Amino acid sequence: MPKHLWPSQVVARHRVSVLVALVIVGPMSTIAFAQDVSPSSQADDWAESLRAGRGAPGLAASVAVGGDIVWSRGFGRADVEHAVDVTPMTRFRIGSLSKLVTIACLARLMDAGKVDLDAPIQSYVTYFPEKEHVLTLRQLASHTAGIRHYGPNDGIQSPKYYRSVREGISIFESDPLLFEPGTKYAYSSYGYNLISAAIEGASGMTFLEALRREVGEPLGLESIVADDWYALIPNRTDFYHISDDGTLVNGPPVDNSYKWASGGLLATADDLVELGLAFCEPGYLKAETLEAVFTAQPNAGSEGFEVGLGWRMSRDESGRRFYHHGGAIAGGRAFILVYPDTKTVAVILANAFVQFAEKEALELLQLLD
């Protein structure tokens, strides 16, 4: 099968002749699918109902089965005021899915023997001050390093352009660790900013150049770029906010230059599916590197999931393992779910912060897998 199959091409493979009723709890309404409706059409109806039911102006979703994209669609508006539709080419803010792109870059440097996950962080970031305990890339990637998350006095709510990773690190570099590294789990986007500094030190490139060389070019992921507030970026969606009374308004100005690695990237749903597929089997990464990425780290994770390097790991009701992560950011919501054993991936993106996660990704896969 070709790598990218669009909905009209998939219908013939998956046409069914049954009456299906899918009831989705919460604010969404019941979807009733008529007889002789293809799984592709069912997925279209489901995704549009998700978009409308959650109040998102625009949504994109993409699914791969067996390593090939079998369904990819856009729904609603990328630009409400100018009536621009979402398409599979639309770039969304992906929030913390940026961390998975960063992990892909770090893993490539592991493959090349350029980083040691257990070396002190100062081996790669000489300007980062020594703390009361040694911390490592492995701990940073699994959120067990003790680096804090965002704080109320960081000044990041007001747009400010940070010209380098080094400038972004200055926000938190002087703060004490929350705990002895390796002993607890505390989710930290700043920890991933520090990983990006280590990538610069190990690669000899800027972080964004390293992403292009180690992730974008080998995987052909042209849509994954920094969400630069000042740049003109083709197919970038507008970003929206849903007020407490349900009114849709333009999102506030946001400058993500302090956190490219942890939450500052743009991407299409298709390119994120391809990123997920790259983690399913050796090829883009060596087998031993994949094993390191998906080894559950001690004291990492929370109820319902373990954490390897970046990725969260769970099992479904049938005991099948899957990897996942979400992103939440002003003007965006993103989610990815990967079944590595069957090379099945689902990605859902929206241009406002609305709720969807594993439950919705699994529902979508049930229609198409």
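Trainee: In which sense do strand S13 and strand S14 pair, and over how many bridges?
Mentor: This is a predicted model in which local features need pLDDT of at least 70 and side-chain atom pairs count only at pLDDT 80 or more, while totals for chains, interfaces and linings use all residues. Residues are numbered from 1 along each chain as its sequence is written, and side-chain values use heavy atoms, with hydrogens and water left out. Strands (E, at least two residues) and helices (H or I, at least four) are DSSP runs numbered from the N terminus, and two strands pair if DSSP finds at least two bridges between them. For S13 (residues 312-315) and S14, the sense is antiparallel and the pairing runs over four bridges.

Trainee: Which residue of S14 is the bridge partner of Arg312?
Mentor: Strands of a sheet pair through backbone hydrogen bonds, either parallel or antiparallel. Here, the partner of Arg312 in S14 is His324.

Trainee: Which residue in the turn between S14 and S15 has a positive phi?
Mentor: S14 also pairs with strand S15 (residues 332-339), in the antiparallel sense over seven bridges. These two strands form a hairpin with two residues between them, and the turn residue with a positive phi, of about 80°, is Gly331.

Trainee: In S16, which residue is the bridge partner of Leu337?
Mentor: S15 runs antiparallel to strand S16 (residues 344-350), and seven bridges join them. Within S16, the partner of Leu337 is Ala346.

Trainee: At roughly what angle do the axes of helix H3 and helix H7 cross?
Mentor: Axes are lines fitted to C-alpha atoms, for helices over the stretch in contact (heavy atoms within 4.5 Å), and angles run from 0 to 180 degrees between N-to-C directions. Angles under 35 degrees count as roughly parallel, over 145 as roughly antiparallel, 65 to 115 as roughly perpendicular and the rest as oblique. H3 and H7 are therefore roughly perpendicular to each other. The axes of H3 (residues 98-111) and H7 (residues 207-219) come within 9 Å and cross at roughly 85°.
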